[in-house]
Every structure is written in structure tokens, then in C-alpha cells.
Amino acid sequence: GWRMGVAWYFTSDSGSGGGYTDYLNKGNVGMRYRSLDPELFDSLQRLYDDGRGERSVARLESAGLLPPGTRYCRKNISSLGPDDRRTWLDRILLDLAGCDVVFLDPDNGLARGGWIPGKPHRYASLQEALALLDSGSSLIIYHHEGANPRGRGSPLQQDVKTLMATIRRLRPNIQVPGSLIWKTKSRRAFLIVAHEHHRTRLEAGIHNFLESPWRSDFSFFVG
């Protein structure tokens with residue numbers, strides 16, 4: 001199986017993003033999502049019911065939602081300056097060394113350039129993504145519409161297209177098959193960046209996902 005890693009870009013267990021739990025309601029919305037993946041839905045429902053007021057990334061990690069042996073990095077980065085952020089990246093590279101696929105989960109997404117003044121903790125930098133690629137891991141990177149301060153107001157697909165083109169230019173030996181786009185509510189993307197020896201399996205996984213009941217909620221953007 002895959003050796004998986006997760007870099008949370010952790011800031012707080014009480015952030016506003018943690019409040020999006022209406023998909024767990026008992027009405028039509030909840031039942032529709034449960035029909036897509038009953039096991040996942042029921043696990044998240046138990047986490048929510050058992051931990052009201054105490055939802056945390058640590059509890060999510062211990063729930064066993066990802067494959068056994070998945071490695072996690074959740075050091076709080078909200079107050080890190082540029083030098084400390086580089087030290088944090090060195091720790092990420094050490095902790096996630098040997099992972100086939102690493103999921104980057106910044107609050108907002110992938111920044112087009114380097115250091116982002118103001119709220120850098122909300123972004124993964126391009127340099128951080130490239131460093132993980134250079135370590136041998138393929139990446140899945142969370143990115144939501146309007147996230148990029150250098151492309152604010154751009155449609156999600158245009159922003160993602162620019163990011164994918166930049167990665168292809170800087171690392172021509174790396175494959176960027178495309179991005180999964182979540183079409184409901186505020187639009188969000190999951191950029192897929194693959195080493196050649198991971199590409200076939202990743203593309204097969206994307207194909208199977210888009211043939212599953214989730215296909216009504218996601219599209220695939222090649223760019």
C-alpha cells in the first residue's frame with residue numbers, strides 16, 4: 001500500500017474551518033453524504049458526537065481514517081517567522097521521509113510566490129511543496145477559490161492552472177496530471193503532483209474516484 005503522510009499546516013483546533021459540520025446533519029444533506037461513503041461518514045459522526053467542544057486534529061489522527069502507518073505533522077505554525085518556518089520544513093522533511101504521497105493541508109492553499117506577509121501560516125509556499133517533491137514524495141495539495149493573494153479574485157481553475165504551470169516549469173521531470181475540483185459550496189481544489197513512478201497508480205485512483213458516487217460532487221481539471 002501507499003506510505004502516506006499529512007502536513008496539517010496546523011494553526012488551532014478552534015479555527016473557523018472546524019465549524020463546517022452541517023454535512024453531518026440528519027436531514028437530506030447528511031443522508032446524501034452518508035450514501036457516498038457510509039463508513040467514513042459514520043466515523044466522522046462518532047468523532048463529532050463523542051467530542052462536542054473537543055474536536056481536535058489529534059483526535060482525527062487517532063480515529064484511523066487513513067491507512068495504518070500514516071504519518072502526521074501538526075506543529076503549530078501560526079507564530080513562525082521565515083527562519084522558524086524553514087526549521088519547521090526541515091522537520092517535516094525528516095518526519096515524512098519515505099512517504100509515497102504527502103497531503104498538504106494549509107488553511108487557504110498554495111501561494112504562488114515565497115513568503116506571504118500578514119498571514120503566512122494560512123498558506124503552503126511553493127518552495128515547501130518543491131522541497132517535498134525533491135525528497136521523493138508525490139503531493140496532494142488543498143487549495144480553495146480566492147485563496148491566492150497574488151491572484152485574488154481569479155476563478156479557481158485559472159488560479160490552479162497558473163500553479164500547475166509553475167510547478168511544471170520549475171520541475172519538468174515531475175508530472176502534474178491535474179486537480180480534483182469540489183463543485184459544491186465554495187469551490188475547492190486538490191492539486192495532484194506526481195513522480196513518474198507514482199503517476200499510473202495515482203491516475204488509476206483518480207479514475208476510480210470519478211467513477212464512484214462522488215462523481216456528482218467532483219470534476220477533474222487538467223489545465
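Guide: Two strands are said to pair if DSSP finds at least two bridges between them. Helices (H or I, at least four residues) and strands (E, at least two) are DSSP runs, numbered from the N terminus. This is a predicted model, in which local features need pLDDT of at least 70, side-chain atom pairs count only at pLDDT 80 or more, and totals for chains, interfaces and linings use all residues. Residues are numbered from 1 along each chain as its sequence is written, and side-chain values use heavy atoms, with hydrogens and water left out.

Visitor: How many bridges pair β6 with strand β8?

Guide: Strand β8 covers residues 188-194. The two strands pair in the antiparallel sense, and Leu 139 stands opposite Val 193 of β8. The number of bridges between β6 and β8 is six.

Visitor: Which residue in β6 is the bridge partner of Val 101?

Guide: Strand β3 (residues 101-104) runs parallel to β6 and is joined to it by four bridges. The partner of Val 101 in β6 is Ser 138.

Visitor: What is the order of the strands in the open sheet?

Guide: The sheet has seven strands with mixed pairing. β2 (71-73) and β9 (218-221) each have a single partner strand, so one side of each is left without a neighbour in the sheet. The order is β2-β1-β3-β6-β8-β7-β9.

Visitor: How many of the residues of strand β6 are buried?

Guide: Buried means under 20% relative accessible area, exposed over 50%, and partly exposed in between (1.4 Å probe, protein chains only). Strand β6 spans residues 138-144 and is largely enclosed by the rest of the structure, because its buried residues number five of the seven.

Visitor: Which residues of α2 make the contact with α1?

Guide: Contact means heavy atoms within 4.5 Å. From helix α1 (residues 28-36), the contact uses Gly 30, Tyr 33, Arg 34, Ser 35 and Leu 36. On the side of α2, the residues are Pro 38, Phe 41 and Asp 42.

Visitor: Where does the side chain of Arg 85 reach?

Guide: Arg 85 has its place in helix α4. Arg 85 is buried, with a relative accessible area of 4%. A polar contact is a pair of N or O atoms within 3.5 Å; within protein, one must be able to donate a hydrogen and the other to accept it, and residues adjacent in sequence count only if both atoms are side-chain atoms. At 2.6 Å, the Arg 85 side chain reaches the backbone oxygen of Tyr 123.

Visitor: What is the phi of Tyr 9?

Guide: Most residues other than glycine have a negative phi. Tyr 9 lies in the loop between β1 (4-7) and α1, and Tyr 9 is buried, with a relative accessible area of 2%. Although Tyr 9 is not a glycine, its phi is positive, at about 55°.

How values were computed: Axes fitted to C-alpha atoms, helices over the stretch in contact; angles between N-to-C directions.
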